[in-house]
Amino acid sequence: MKITALAGGIGGARFLVGVQAALPDADITVIGNTGDDITLHGLRICPDLDTVMYTLGGGISPERGWGRHDETFTVAAELAAYGVGPTWFGLGDRDLATHLVRTRMLAAGYPLTEVTAALCQRWKPGIRLLPMSDERVETHVVVETDEGRRAIHFQEWWLRMRAATPALEIISVGAEAAQPAPGVLDALTDADVVLLPPSNPVVSIGSILAVPGVRAALARTPAPVVGVSPIIGGAPVRGMADACLTAIGVATSAGAVATHYGARRRAAPGDGILDGWLVDTADTGTEVPGVTVKARPLLMTDVAATVEIVRAALELAGV
Ligand code: GDP
Ligand code: CA
């Protein structure tokens, strides 16, 4: 079976572990969010691609959910001793090697798709990992500061401000002019099923959908499209997705997120992308016009629980 999934970082990666465990022989393509990408100390960092690659490749820190296990932060401490920031972005020593290889390959002219494939040759995540675009698309957040209104990089808002300063606007800088990376649209069109893991609807899935052509491919693919809610009982399971939803005027509820994605209209495709939507039992009774909604426990507490969520998604998709 050919499965294509869109994915952010931790929520996406954990779900994908379940997909692999549920269907060990499946041919899985993952379209990863690169809206979180940032350049620090001259190094290009792709946090969500790396979280997926490390998680499925056995290199992730299980405690943090991001970065490498057995990590040390000597270089970060040395940079801080020089007074060179930012200090709010966790750059581990092992992780740095990934960014060095990536930056060097990008400087040599390789597109991010090929760089990602090269990094995956080491980690062997067992999936095809595609960045959503080879072009730079960066999520910026407009906030009110002492110096007035300004747009800052998503990571500064998320990590330094802990998303506590209200986002007035969330912008995918560069998205309009970007193209999907090679293979992205085909992966959506040729799939047997497309899954939307419980990733952040605004800054993970939303960034991928902002790449021209992706939303239309989802609206038109012959494959069923089923999503899993990252919102349970009116709150994100972890992280600050509620702050992102508020910024775009969407309520923090499983139903509102599905309504925001929209129901697919197969006869006359529009903007809607969902056929099915899994919500937690806490949200039983959620109704989304045009979308088949099913309630079941959605906490990915361990691989076995995640496998059951994946099976329910596949069942809802009818595959
Ligand atoms: P990030 O890039 O690391 O922020 O990760 P993602 O965008 O992939 O996923 C973040 C989302 O995953 C958050 O909005 C969480 O609510 C959601 N999430 C995390 N753990 C779980 C879980 O066990 N179940 C569900 N349903 N959602 C989860
Ligand atoms: Ca992310």
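Around ligand 1 stand 20 residues, and P198, S199, S204, L298 and M300 come nearest; a residue is near a molecule if one of its heavy atoms lies within 4 Å of it. This is a predicted model, where local features need pLDDT of at least 70, side-chain atom pairs count only at pLDDT 80 or more, and totals for chains, interfaces and linings use all residues. Residues are numbered from 1 along each chain as its sequence is written, chains are lettered from A and ligands numbered from 1 in the order in which they are written, and side-chain values use heavy atoms, with hydrogens and water left out.

**Around the ligand**

- The shell around ligand 1 holds 10 nonpolar, 8 polar and 2 charged residues (Ala, Val, Leu, Ile, Met, Phe, Trp, Tyr, Cys and Pro count as nonpolar, Asp, Glu, Lys and Arg as charged, and the others, Gly among them, as polar).
- Helix α1 (residues 10-22) gives the largest share of this shell, 3 residues; helices (H or I, at least four residues) and strands (E, at least two) are DSSP runs, numbered from the N terminus.
- The side chain of S204 places an N or O atom 2.6 Å from an oxygen atom of ligand 1.
- Taken alone, ligand 1 exposes 600 Å², and the protein buries 91% of that (areas by the Shrake-Rupley method with a 1.4 Å probe).
- From the backbone, an N or O atom of G9 lies 2.8 Å from a ligand 1 oxygen atom, and a polar backbone atom of I10 is 2.8 Å from an oxygen atom of ligand 1.

**The overall fold**

- You will find 12 helices and 14 strands in the protein.
- The C-alpha atoms fill a box of roughly 60 × 45 × 40 Å, taken along the principal axes.

**Backbone details to look for**

- Most residues other than glycine have a negative phi, and most peptide bonds are trans.
- The peptide bond from G85 to P86 is cis, with omega near 5 degrees, and P86 is found in the loop between α3 (74-81) and α4 (93-107).
- H41, in the loop between β3 (38-40) and β4 (43-45), has a positive phi, near 55 degrees.

Notes
Polar contact = N/O pair within 3.5 Å; in protein donor to acceptor, adjacent residues only side chain to side chain.
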